[in-house]
Amino acid sequence: MSSAHAAEIAAGQRFAFGANWARFLDQLDTARIQAAEDSLRRLLGVAHLQGLRMLDVGCGSGLFSLAARRLGARVHSFDYDLQSVACTLELRRRYRPDDPDWQVESGSVLDSAYLQGLGQWDLVYAWGVLHHSGDLARAMANVVGLVAADGRLFIAIYNDQGRASRTWLRVKRAYNRLPSGLRWLVLTPAALRLWGPTMIRDLLAGRPLHSWRHYARTSTRGMSPWRDVVDWVGGLPFEVATPEEVFRFYRDRGFRLEELTTSGGLGCNEFVFRRD
Ligand SMILES: C[S@@+](CC[C@H](N)C(=O)[O-])C[C@H]1O[C@@H](n2cnc3c(N)ncnc32)[C@H](O)[C@@H]1O
């Protein structure tokens, strides 16, 4: 799998998510971990995850595996990108060394044989992952069997903005095709497009860079504004879905929608489904 992954990156078809996460780990602190815990608690409507088994699909930095573990869940994390796996292992080493209730490994949500061996889970968490797998429909179908009866599926999928989404796909392709030394040519204008209006608003309100500096809190997931910009501009493969498409897909497979946060534009719609 790692050689296929490396080939996709070399061909400009896949963003090196794990390399971006590795830089994010330098900025990780207690406030960000707390924000990740709050985000899980809020969307799931619970005070803790004691007694639950959580599967973190596409664990990325490992921040949400760590948050779930701190909230009491037993956690199994996997990611397709070996650098993401390394980040998650690093977080486990830092914060939960020798923890027998947190497993970390490489794996793909598109690998049905691998998924079958994982069994079923009380909580399947796949935030911002399925649309980056390269086959959104298959990834959405593949997570169904991972959810135990009465278990929950917590997913976030990029909002379909029509023409704007197609433009971003072109931007992402251009970014990934460029040699790394030239990627700033795409990144800089895209970052200005994403953050320029907010920065001007903050400046006019007499609080320059306020939103940027407080992003870890206001983004509600403990993320870093620059790492999120790089992830957004680079994030390839990239697919999108409307909230209605996602809702109907899981409703038709025996899931009930318990919680929904729509992005209203750029970014992800978040869903919590319960399996009946
Ligand atoms: C935007 S990050 C989200 C990380 C994390 N879930 C979070 O909430 O912060 C997307 C992650 O999905 C992973 N990914 C992409 N395709 C995947 C696949 N087929 N199977 C598992 N993980 C995948 C990427 O390597 C990356 O770490």
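Two strands pair if DSSP finds at least two bridges between them. The exercises below use that rule on a predicted model.

**Exercise 1.** Give the strand order of the open sheet, and state which strands lie at its edges.

*Solution.* Start with the order. The open sheet has 7 strands, arranged β3-β2-β1-β4-β5-β7-β6. Its pairing is mixed. Next, take the edges. β3 (102–106) and β6 (255–261) each pair on one side only, so they are the edge strands. On average, neighbouring strands are turned by 15° against each other, direction ignored.

**Exercise 2.** Describe how β1 is joined to β2.

*Solution.* Count the bridges: 5 link β1 (residues 53–57) to β2 (residues 74–79). The two strands run parallel. Then look across. Opposite Arg 53 stands Arg 74 in β2.

**Exercise 3.** Which residues of α2 are buried, and why do they lie on the same side?

*Solution.* List the buried residues of helix α2 (residues 17–25): Phe 17, Gly 18, Asn 20, Trp 21 and Phe 24. Because they cover an arc of only 155° around the axis, they fall on the same side of α2. Recall the helical repeat. With 3.6 residues a turn, residues three or four places apart in an α-helix point the same way. Now find the cover. It includes α5 (82–95) and α12 (225–234).

**Exercise 4.** Characterise the packing of α8 against α9.

*Solution.* Begin with geometry. The axes of α8 (residues 163–177) and α9 (residues 184–204) come within 8 Å and cross at roughly 145°. Then name the contact residues. α8 contributes Val 171, Ala 174 and Tyr 175. α9 contributes Val 186, Leu 187 and Ala 190. Finally, classify them: 6 nonpolar, no polar and no charged.

Key
Residues numbered from 1 in each chain as written. Predicted model: local features only at pLDDT ≥ 70, side-chain atom pairs only at ≥ 80, totals over all residues. Buried ≥ 20, exposed ≤ 12 C-beta atoms within 10 Å, placed from the backbone. Helix = DSSP H or I, 4+ residues; strand = E, 2+ residues; numbered from the N terminus. Arc of directions from axis to C-beta. Contact = placed C-beta atoms within 7 Å. Axes fitted to C-alpha atoms, helices over the stretch in contact; angles between N-to-C directions. Nonpolar A, V, L, I, M, F, W, Y, C, P; charged D, E, K, R; others polar.
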